[in-house]
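User: I would like to learn how to read salt bridges, domain interfaces and ligand shells. Can we work through them one by one?

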Amino acid sequence: MNWVTISLSAATLFGMAVVISYILGWASKAFYVKVDPRIEAIIEALPGANCGGCGFVGCADYAEGVVLSGAAVNRCPVGGAACAASVAAIMGIEVDESYPQRPIVHCGAHYEDRKGRTPYFGEMTCQAANMVAGVQACTYGCLGFGDCTRACKYDAIHVIDGLATVDYDKCIGCGACGSVCPRNIITITPFKKSRILAVGCSNKDAGREVMAVCEVGCIGCKACAKKSELFKIEDNLPTIDYEHWDAECTLDVMEACEKCPRNRLIFVGEPSPADIAATKDKPLPEVVEADFKTTVDDTEWRG
Ligand code: SF4
Ligand code: SF4
């Protein structure tokens with residue numbers, strides 16, 4: 001290789017570099033898309049958890065949704081009210097009062113409460129078990145294979161004695177558990193108080209059929225609705241309108257809860273100050289027995 005060849009190669013490479021730089025410079029101007037600075041500002045204001053609890057793919061997608069499609073400013077469950085206020089300020093609007101969203105599991109049956117459980121040898125997921133007839137007699141209740149537990153990034157929901165149970169200290173309300181439950185028994189609900197009234201059953205069958213499949217399921221007897229207008233019976237189940245519930249339990253509501261023969265009107269969330277006060281003097285047990293189960297109890301007979 002002589003100097004002439006080296007010089008020609010270097011000149012060619014230099015020429016190509018100049019041409020490509022020119023093309024790139026032209027393309028960056030020709031295809032430049034102006035980004036609304038509010039999108040960047042909202043991304044900064046969001047917590048960056050990318051949990052999807054807002055209903056968008058992640059924080060950046062939600063920020064675009066707020067600016068470009070008018071999505072509500074208070075949809076971030078992780079950031080809560082403070083975050084909603086920041087996003088509203090960026091958008092120059094007033095934010096409506098918002099409450100943290102938390103999941104409620106609308107089933108109260110543990111293993112021992114369920115009737116008609118049969119051997120199940122399929123894939124140990126709720127999605128798979130839900131497609132097999134007769135895993136358990138109640139076709140509405142929790143299956144207990146923990147799809148919700150695996151979906152939760154915050155270690156906030158666990159299957160305890162066959163029933164999905166939320167740890168409200170850890171839950172941030174992203175909604176992932178609710179979206180994977182094949183039985184649709186987890187609703188994401190505005191928590192106006194840290195402790196909230198809920199209906200702990202999803203079975204819409206008539207009372208006699210419920211009693212045949214579950215020891216604790218709601219039998220649609222209307223005892224609650226007769227005591228308080230807060231409860232409306234639809235499809236053999238009481239409903240509570242959380243939009244209009246002021247979170248104060250008036251006497252009629254308390255009486256309705258006491259009248260329920262199956263104790264299906266329950267409080268979920270953190271214990272109330274009254275509950276804590278009522279148990280504060282109770283002695284702790286000297287020994288807490290572990291609840292051992294056989295392999296059959298925990299796997300093949302689950303349903
Ligand atoms: S339990 Fe977990 S998955 Fe469900 S809402 Fe709470 S943090 Fe999200
Ligand atoms: S709540 Fe739903 S997803 Fe969770 S264990 Fe029960 S059936 Fe499965």
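Analyst: The salt-bridge rule gives a count of four here. A salt bridge is a side-chain nitrogen of Lys or Arg within 4 Å of a carboxyl oxygen of Asp or Glu. This is a predicted model, where local features need pLDDT of at least 70, side-chain atom pairs count only at pLDDT 80 or more, and totals for chains, interfaces and linings use all residues. Residues are numbered from 1 along each chain as its sequence is written, chains are lettered from A and ligands numbered from 1 in the order in which they are written, and side-chain values use heavy atoms, with hydrogens and water left out.

User: Which residue forms a salt bridge with arginine 38?

Analyst: Side chains of opposite charge can pair when their charged atoms come close. Here the partner of arginine 38 is aspartate 36, with the closest N and O atoms 2.8 Å apart. Arginine 38 is partly exposed, because its relative accessibility is 31% (buried is under 20% relative accessible area, exposed over 50%, partly exposed in between, with a 1.4 Å probe and protein chains only). Aspartate 36 is also partly exposed, at 23%. Lysine 170 and aspartate 155 form another salt bridge, at 2.9 Å from N to O.

User: How is the protein chain divided into domains?

Analyst: An automatic or database assignment sets the bounds. Domain 1 covers 37–91 and domain 2 covers 101–278. Their centres, taken over C-alpha atoms, are 30 Å apart.

User: How much area do domain 1 and domain 2 bury between them?

Analyst: The size of an interface is often given as the accessible area lost when the parts come together. Domain 1 and domain 2 bury about 410 Å², 52% of it on carbon and sulfur atoms (accessible area lost, 1.4 Å probe, summed over both parts). In domain 1, Cys51, Pro77 and Val78 lose the most area to domain 2, together 72% of what that side buries. The side of domain 1 touching domain 2 has four nonpolar, three polar and no charged residues. Across this interface the rule finds zero salt bridges.

User: Which residues come nearest to ligand 2?

Analyst: A residue is near a molecule if one of its heavy atoms lies within 4 Å of it. Of the 14 residues around ligand 2, the nearest are Cys126, Cys142, Leu143, Cys148 and Cys181. By class, that shell has eleven nonpolar, two polar and one charged residues. Around ligand 1 the shell divides into ten nonpolar, two polar and no charged. Cys152, Cys171, Cys174 and Cys177 are among the residues surrounding ligand 1. Ala, Val, Leu, Ile, Met, Phe, Trp, Tyr, Cys and Pro count as nonpolar, Asp, Glu, Lys and Arg as charged, and the others, Gly among them, as polar.

Notes: Buried area is the accessible area (1.4 Å probe) that two parts lose on being put together, summed over both.
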